[in-house]
Every structure is written in C-alpha cells, then in structure tokens.
Amino acid sequence: MSRRSLTIVLALTAAAGCKRAEPVAPAPAAAAAPADVRTVGKGTQEAGLEVHVPIVYIDGEPTAAFAYNELPATLPLDAQHRGKLCDYFKVLGADCAKVQRVDFHVGTDTLFVAGAELRKQRRVTFHFSDGLAGRPRLDGTLAPGDLGDIVVWVKDQPGGMLKDDGRRGVRVNVDGRLVAKIKRNLLEGNVEPVVEPKPGEVARYRLRDFLASRSVTIARLRGVDLITRDEHVVRLSAEELANDIEFMAPDKGHGEMKFLVGGRAVAALAVDVWAVDAPPARPMLKAGELHASLDEHP
C-alpha cells in the first residue's frame, strides 16, 4: 500500500472514531462551601480565634510581648500613647548603643537594620494600630507597616537560632518581661492542683504554684492585670490579690485560661504580674470595673 493510501485510511478511521464518541457531560457545579461555624471542639486557628501577638527576642530569647497592655510600667509614653523604640529596648535589657542588628518582621518580609542605622534614628517612636490595642507600628521609614516579631542582636552573632516554644499558651509577664506560658498539656504532673478534681471536673491551679514550677518566685504582688482576647484589661483589686489567684485550663478553651477572682471567671490570654513596679497608670481599655492596685488606697 502506498504511503498516500495509508494516510487516507488512517484519516478515515480517526474520523469514524470521532463520530462514535459520546459527548462528555459537563461536570456538575461545585456546591458552595458552607460558612465556617465556630463550634466547641475546633482548634483556635480553625475557629478564627488565633491571636498573633508580636514577640521581641533579645539574642534569640523571647523577652516580651509587643502589645500595648503588656508594655513595662516604667516605659514612658506621650499623650498620643507613643513610646521611643530605643527606650523600649533599653527597658528590656538591650541598649541601642550596643545593638549590632535588628530584624523586623513586617508581613512576609524581614527587614535587617544595622545597629549604626538604628542609632541614627534612635529617636524613632512606635504606636499601636488601634490606639490602645492592635499591632505595633513604627513612625517613619525605618520599618513601615504592621510589625510582627522583632529580633534584637546585642551580644550574640546576628542570624543565630531563636528559642521558641510556639504561639500557644497564656503569656505570663512579670514587670513587663515574658517569663512563661501556661499550657494546658504541661500543667498535669508539673503543678499540683488546688484539690484533686473529681471525674469530669476541671482542675484548679494557683498562679503562684505555676510560677514556682518555672523557677519564678514572687515575694510581693503589687498588682495583677488579666488581658482578654479583645485586649481589654481586668485589674484585680487589693482584696482579690490578698487571696491565692486560681485558674482553670478548660479543654478546647481556644488558648484562654479562666481565672477565678471575686466570684468571677475571667477568660484571659495574658497575665501581667506587677511585683517590683507598681501597675501602670496609663489609659487602658477596661473590661468591667477597674479596681485599684494593692498599693493604692481609696
């Protein structure tokens, strides 16, 4: 058979095959995904409740949560609630005169600022995106945008490893310094409950006992502030401070712990303990009644 004849036969065969082929039915339209519903039992992230608070690391160590309500009481702020970045670093133990480099996380980017450049702008201030809440922002061009984590390198070589135990857990600050995180799965076996819970009950723990388990001893309580998910503050009264502060870690608490004070159960994501410093007198978003600190008398 000639090559021309073979070509014609193949073409006719292909055409016949095309005529016999059944048309392909269009795929059914995908059903719209149901709206996400926040239900008990969902993880914090899946329920849309995860809160990312920027952490300041000094030489790789998590040192402070960069949130308005967790700033050290000794840090001066102006009438617009702005503070100087170098003043903040110095309170945390990092003098700008000795800083080698600062790594600012902004969105998905990391901006590396040399110590010399930081010292040129040592008067740069910061504020928060929502006045008394929200993400920190720097004024000027040093690191524009909402800030994420900040890593300050003073003694260690820049670019070293960061010590990080994850985002989960209730932050515990003592005089503006992050000292521990309360995590539900680390309480049992490490901290004695107030009383042994009955089957089905949630165990209660003392805040002092938890701190002692992390080698943090508080000789004197001058004040305690509980920070809620929406960045409001519940300041404990002198009477409430005089008693042992207890808390519960309910299952599926979306990262919150319930602190039992004055017959109330306050759900908190962070705890400010004021031991050496008096509680800050600066304005704050109040959750319920704002009590006097232990050292204040009506």
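This is a predicted model: local features need pLDDT of at least 70, side-chain atom pairs count only at pLDDT 80 or more; totals for chains, interfaces and linings use all residues.
Local features are reported only where pLDDT is at least 70 and side-chain atom pairs only at pLDDT 80 or more, whereas totals for chains, interfaces and linings use all residues. Residues are numbered from 1 along each chain as its sequence is written, and side-chain values use heavy atoms, with hydrogens and water left out.

**Salt bridges**

With a salt bridge taken as a side-chain nitrogen of Lys or Arg within 4 Å of a carboxyl oxygen of Asp or Glu, the count comes to 10 salt bridges. The table lists some of them.

| Pair | Closest N and O atoms |
|---|---|
| Arg171 and Glu70 | 2.7 Å |
| Arg204 and Glu246 | 2.8 Å |
| Asp209 and Arg206 | 3.4 Å |

Helices (H or I, at least four residues) and strands (E, at least two) are DSSP runs numbered from the N terminus. The salt bridge between Arg171 and Glu70 links distant parts of the chain, 101 residues apart, since Arg171 lies in strand E9 (residues 170–174) and Glu70 in the loop between strand E2 (61–65) and strand E3 (83–84). Relative accessible area, computed with a 1.4 Å probe on protein chains only, defines buried as under 20%, exposed as over 50% and partly exposed as in between. Arg171 counts as buried at 11% relative accessibility, and Glu70 counts as buried at 2%.

The salt bridge of Arg204 with Glu246 ties together parts that are 42 residues apart in sequence, because Arg204 lies in strand E11 (residues 204–206) and Glu246 in strand E14 (residues 246–248). Here Arg204 is partly exposed at 28%, whereas Glu246 is buried at 16%.

In the salt bridge between Asp209 and Arg206, Asp209 is partly exposed, with a relative accessible area of 30%, and Arg206 is partly exposed at 25%. Through salt bridges that share partners, Arg206, Asp209 and Asp244 are joined into one network.

Two strands are taken to pair if DSSP finds at least two bridges between them. In the order E11-E14-E15-E16, 4 strands form an open sheet with antiparallel pairing. E11 and strand E16 (264–268) stand at the edges with a single partner strand each, so one side of each is left without a neighbour in the sheet. From one strand to the next the twist averages 35°, where axes are lines fitted to C-alpha atoms (for helices, over the stretch in contact) and angles run from 0 to 180 degrees between N-to-C directions. Strand E15 (residues 257–261) pairs with E16 in the antiparallel sense over 5 bridges, and Lys258 stands opposite Ala267 in E16.

Leu75, in the loop between E2 and E3, counts as buried at 4% relative accessibility. Although Leu75 and Asp87 are 12 residues apart in sequence, their C-alpha atoms are 7.0 Å apart in space. Contact means heavy atoms within 4.5 Å, and, not counting residues up to four places away in sequence, Leu75 touches Asp87, Tyr88, Val91, Phe126 and Arg282.

A nonpolar core is a set of buried Ala, Val, Leu, Ile, Met, Phe, Trp, Tyr and Cys residues joined through side-chain atoms within 4.5 Å. The largest has 32 residues, of which Ile182, Phe210, Leu226 and Phe259 touch the most other members. Among the elements that each supply at least two residues of this core are strand E10 (177–182), helix H5 (207–213) and strand E12 (223–227). Leaving aside neighbours within four places in sequence, the contacts of Ile182 include Val172, Leu207, Phe210 and Phe259. A second, separate core of 31 residues includes Leu85, Phe104, Val124 and Ile150.
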